[in-house]
Amino acid sequence: MPTTSVRSVALFVGCFCLVVTAHCRFPTLDHLQPQASDATQARAVTELLRRLLGDNRAGEFIVSVNRSLSNGSGLDVCELRSARNDQIYATGSTGVAVASGLYNYLKYFCNCQVSWSGDQLDLPRPLPPVTGLLRISTQHSYSSVWWDWPRWEREIDWMALNGINLPLAFTGQEALWLPVYRALGLNQTEIEEFFSGPAFLAWNRMGNMFEFGGPLPQSWHVKKLSLQLKILERMRSFGMLPVLPAFSGNIPKGILRLYPNANVTRLGPWAHFNCSFSCAYILDPRDPLFLEIGSLYLSQVVKQFGTDHIYNTDAFNEMTPPSSDPEYLSAVSRSVFASMTAVDPQAIWLMQGWLFFSSAWFWKPPQIKALLLGVPIGRMIVLDLFAETEPVFTYTESFYGQPFIWCMLQNFGGNSGFFGQVESINSGPFQALSFPNSSLVGLGMTPEGIEQNPVIYELMSELAWRKEPVNLSKWVSLYAIRRYGSTQEKLVAAWQLLFSSVYNCTVPHYKNHNHSPLVRRPSLKMNTGVWYNPADLFNAWKLMVEVAPSLMSKETFRYDLVDVTREAVQLLTSTFYSDIAESFHNQKLPELLTAGGVLVYDLLPELDRLLSSDGNFLLGVWLEQARSLALDEKEAQLYDMNARNQITLWGPSGEIVDYASKEWGGLVEDYYGQRWGLFVNTLVECLDTGRPFKQDTFNQEVFKLEQGFVYNGRRYPAKPSGDTYEIVRRIFLKYYPQAMKRL
């Protein structure tokens, strides 16, 4: 998988940034203040508590917002103290500050937790008192495409609780392009041939691809525009500053018909796509037409969405500029910024720094400096997007003085699977803060997909409120207690094992993209390596299975029990794959039949049954969310195809096959299991007939199966079925002993 096909989805999911002030102050950012009144923000937090705790328990908290608490420092501040009648009084500089301060109290005083995978909210009665005054201050779409308002409401609550105050708000932007394109003279066909389908809009917006998965129905625009207005209202009510989209230069081909003399470059293919759906047309920012189109669009954005003065666009995301001349690159960034300030003189440009890493062969210091300093210092904020692994600030003199946000990427493609770099996450932000002439202004989270590895996001979200790295062993012990509301030693021991192994990848330059044979197109040259000792994972699994009977009523525990068992089966799949490959190479048919038979007819079906027993791991949920947005069956089929293709073939011909793999009930049985069955049968036939295994021939056959899944139209359950504990216990008793023997 080439680097150039990776980063496209950060903005699809949403970049959750905690913008706070380090020891570098930028007066140019002082105007970035919440629009909502203090009373509105306090009311938003009170309503959040009611949704979370119910009216009775929420009434035990008294909430207020007083923006003067920050004393003009730019720091988010929250103060908590005990009040009469066992109540807790919380006040903060913004609604986000109060919400995150209260979540800190719920975690560390009440042993509670809120996560994507469930909540543990057994509050003590009465509430634990706060001795004296507790003051907390800041120190420095592979998921969301089908979300409805209730899911967005839940996510925005999570953002507020975790201190996120600079979320990207990109929903519905295509609806605002429609009047712009029509005003320019494009016809409906030219517009429809430009927009991709819903599951691929992130890449369409960044100029990577067009048309595939489309056309976008008019109902899509109407629904997403309405949803965006709700999202913005709720974000702003907490005091968040939503980031809105601006023009990047990516244009429909039809613009060439209207403006044949425009300075337009056609890019080369992106990833493994050909020019049928790739090779975008990019308008040179120095062309006067760029300012015209950019101003028309941003005027629509501000008119419809309002503004908090922060806009995102990425001029060369995974694209090679036509020239490396520093003067050209400086002129480009100057022109892009001018298209923003022409509409909003107070505009701040938020830009991904991914291009400096993904195309490092092009972006040398002179080129980076030219692009960044084409914009006045302090009027651009750069996202150091993959800072836990590949920090860019270290070799760009802190982005040559432009303010930046240290970001944790963590996940590629929304893949299932345990992963973390806790040592790097724990130390990296503080190293950035102490870097010479640091221009750090905040911490952020920029995953390509969410709803996995909640422990990593909880750790990361806490660091903006801390003065120094946490004691990881102590932190994860407390995490285990609040996640389940239990002090059982085996739970703490299990998490200690996980945190020191699978969640602590220290391999240099490692990218968390699930390479397990389980979710990859089968071949005889598959990657079975892991960055940790599998014994630690298996022993943690054993500990969780042993305490399971008394904790199955906890949704957070049920989720983790399924997840750790899923991870164990993923490791076991690699073991059986190795046996299959070795048996084939040694021409041992009985051993091949045994290993292949166990994998295809027992292990993978057991995994599918396990995943189908928990609503968090269902293919049917993903597909039904997609279909629910349709007005008629034709739209439902279009959305269903988009949803299936993204998580499997990723393109009409498998251009980025398995990039966005998921381990879900239904998908394991009808997609991964079927592929493995074909692979094993093919190898058996090769040994029977004496023919060599030819990967290209197999790929052609397996593609028919993969494509068949995308279009088979089968409806999958959106509700779980089966007894999770009994399924886990059965898998454990069958496979744990032999797993340990193989180590």
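His509 sits in the loop between helix H18 (489–499) and helix H19 (534–547), where helices (H or I, at least four residues) and strands (E, at least two) are DSSP runs numbered from the N terminus. Its phi is near 65 degrees, a positive value in a residue other than glycine. With 58% relative accessibility, His509 counts as exposed; the cut-offs for relative accessible area are under 20% for buried, over 50% for exposed, and partly exposed in between (1.4 Å probe, protein chains only). The model is a predicted one, in which local features need pLDDT of at least 70, side-chain atom pairs count only at pLDDT 80 or more, and totals for chains, interfaces and linings use all residues. Residues are numbered from 1 along each chain as its sequence is written, and side-chain values use heavy atoms, leaving out hydrogens and water.

Glu211 isn't a glycine either, but it has a positive phi of about 70 degrees. This residue lies in the loop between H7 and H8, and at 30% relative accessibility Glu211 counts as partly exposed. The loop between helix H7 (201–205) and helix H8 (218–237) also holds Pro215, which is joined to Gly214 by a cis peptide bond with omega at about 0 degrees. Another cis peptide bond links Arg125 and Pro126, with omega at about 5 degrees; Pro126 is in the loop between strand S6 (118–120) and strand S7 (134–137).

Then there's helix H3 (residues 95–108), mostly covered, with twelve of its 14 residues buried. Among them are Gly95, Tyr103 and Lys107. From first C-alpha to last, H3 reaches 20 Å, close to the 20 Å expected at 1.5 Å a residue (the expected span is 1.5 Å times one less than the number of residues).
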